[in-house]
Amino acid sequence: MERNTGQLKDALGRVIENLRISITDRCNFRCVYCMPAEGLQWLPKADLLTFEEIESLASSFVRLGVKKIRLTGGEPLVRADLPKLVERLARIDGLEDLSLTTNGLGLAKIAPALSEAGLDRVNISLDSLVRAVFEKIARRDALDEVLCGIESAACYFEGPLKINTVLVRGINDGEILSFSELARREGVEVRFIEFMPLDAQKDWKADQLITGKEIHDTISQKYPLKKDPHQDPHAPSQDWVFADGQGGKIGFIDPVSAPFCESCNRVRITSDGKLRTCLFSVGETNLKSILRDPSNEGDPNQKLEEVIRKAVWNKEPGHLISQKGFIHASRSMSQIGG
Ligand code: SAM
Ligand code: SF4
């Protein structure tokens, strides 16, 4: 059997270079495809990883070969003192890219401090350009504020800015062309993410899903697309540019209709310190308990790294959404960190 040393990789040979760290499970939106209107039972604050613990885990992963870290949640901007965490992570030797996924609320205000602290990029989620539809999805009347956040992010962070959009049939699927026009006008990349069965309510139904192909067909009837010549082979999105040379890009993240598990190079840490090797994992590895175990003798980093290697080695080959035998993930998207 191949020895599990050197690069951080799994038994299928996938090399893990990408880590998502959830820094809170709380959120100030209640997106219909993510959680119920009343919210969820939030984790007690004492269960959340401290900044010191997050830094320690991030450093271990970078020593093992992770090059990119993305902070997420819940809504990461609700975590107090976020720029201080960014500052700690940005100085980790060997980390090449530090980014954040946010719903954009409050971003305009905090963007300068995040940029100053060393954050490289932000992705912003935006599901509608129509105020009433936005409110129907997020259950918050916040479109204008999110648009201000997007403007501010374009000034403070390296481009091109990525906008994440989830379409749900019958709610916002009439806006495919408006989002394409946003990409063309502003030179941003709009990435359509297929609605996955990761909503806390477990209401997901296949017929609510708008596939990437359906979106692609709608866009290309008006604005022909061609494959992006600079496609990143490990990106979850398949990227396209406009054939007429207009700026902006369209990305498709199609985990349901076209799973990309074979090239997946990412793992996740939840806000309470559990390592998840797949979004759809049914099991987790408790890293926080290692960090907090007073009886740990010797070098805690060595123990951590052994445990991480072992968990990653056993990364799931893939998920089975829409197939017989599909088992719901043990937590919902906002509790995992999307
Ligand atoms: N709150 C931040 C935000 O919304 O950008 C970060 C966390 S959120 C869980 C990360 C991403 O997951 C967002 O782009 C969101 O649209 C997406 N998401 C949430 N639930 C989803 C679902 N059931 N299917 C597909 N994407 C989902
Ligand atoms: Fe909050 Fe993001 Fe989930 Fe929307 S998708 S409810 S913004 S965590």
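## Ligand 1 and its polar contacts

A polar side-chain atom of Glu75 sits 3.1 Å from a nitrogen atom of ligand 1. This is a predicted model. Ser125 also reaches the ligand: an N or O atom in the Ser125 side chain is 2.5 Å from an oxygen atom of ligand 1. Thr102 takes part through its backbone. A polar backbone atom of Thr102 lies 3.3 Å from an oxygen atom of ligand 1.

How much of the ligand does the protein cover? On its own, ligand 1 has 540 Å² of accessible area, and the protein covers 96% of that.

## The shell around the ligand

Two elements give two or more residues each to the shell around ligand 1: strand E3 (97-102) and strand E5 (162-166). In total, 19 residues surround the ligand. The closest are Tyr33, Gly74, Glu75, Ser125 and Met196. By class, the shell holds 7 nonpolar, 9 polar and 3 charged residues.

## Asn123 in strand E4

Asn123 belongs to strand E4, which spans residues 121-125. Is Asn123 buried or exposed? Its relative accessibility is 3%, under the 20% limit, so Asn123 counts as buried.

Which residues does Asn123 touch, beyond those up to four places away in sequence? The list is Arg70, Leu100, Thr101, Thr102, Lys162, Asn164 and Arg191. One of these, Thr102, is also the residue whose backbone approaches an oxygen atom of ligand 1.

## The nonpolar core

The largest nonpolar core contains 96 residues. Within it, the residues with the most contacts are Phe61, Ile69, Leu71, Leu114 and Ile219. Helix H1 (residues 51-63) supplies the largest share of this core, with 6 residues.

Take Leu71 from that group. Residues up to four places away in sequence are left out here. Leu71 then touches Ile21, Ile23, Pro76, Leu82, Leu85, Val86, Leu89, Ser99, Leu100 and Thr101. Two of these, Leu100 and Thr101, are also touched by Asn123.

## Ser332 in a loop

Ser332 lies in the loop between helix H9 (300-313) and helix H10 (333-336).

The contacts of Ser332, leaving aside neighbours within four places in sequence, are Leu40, Leu198, Asp199 and Ala200.

Technical notes: Residues numbered from 1 in each chain as written. Chains lettered and ligands numbered in written order. Predicted model: local features only at pLDDT ≥ 70, side-chain atom pairs only at ≥ 80, totals over all residues. Heavy atoms only, no water. Core = buried A, V, L, I, M, F, W, Y, C linked by side-chain atoms within 4.5 Å. Buried < 20%, exposed > 50% of the residue type's maximum accessible area, 1.4 Å probe, protein only. Helix = DSSP H or I, 4+ residues; strand = E, 2+ residues; numbered from the N terminus. Contact = heavy atoms within 4.5 Å. Near = heavy atom within 4 Å. Polar contact = N/O pair within 3.5 Å; in protein donor to acceptor, adjacent residues only side chain to side chain. Areas by Shrake-Rupley, 256 points an atom, 1.4 Å probe, with all protein chains shown as cover. Nonpolar A, V, L, I, M, F, W, Y, C, P; charged D, E, K, R; others polar.
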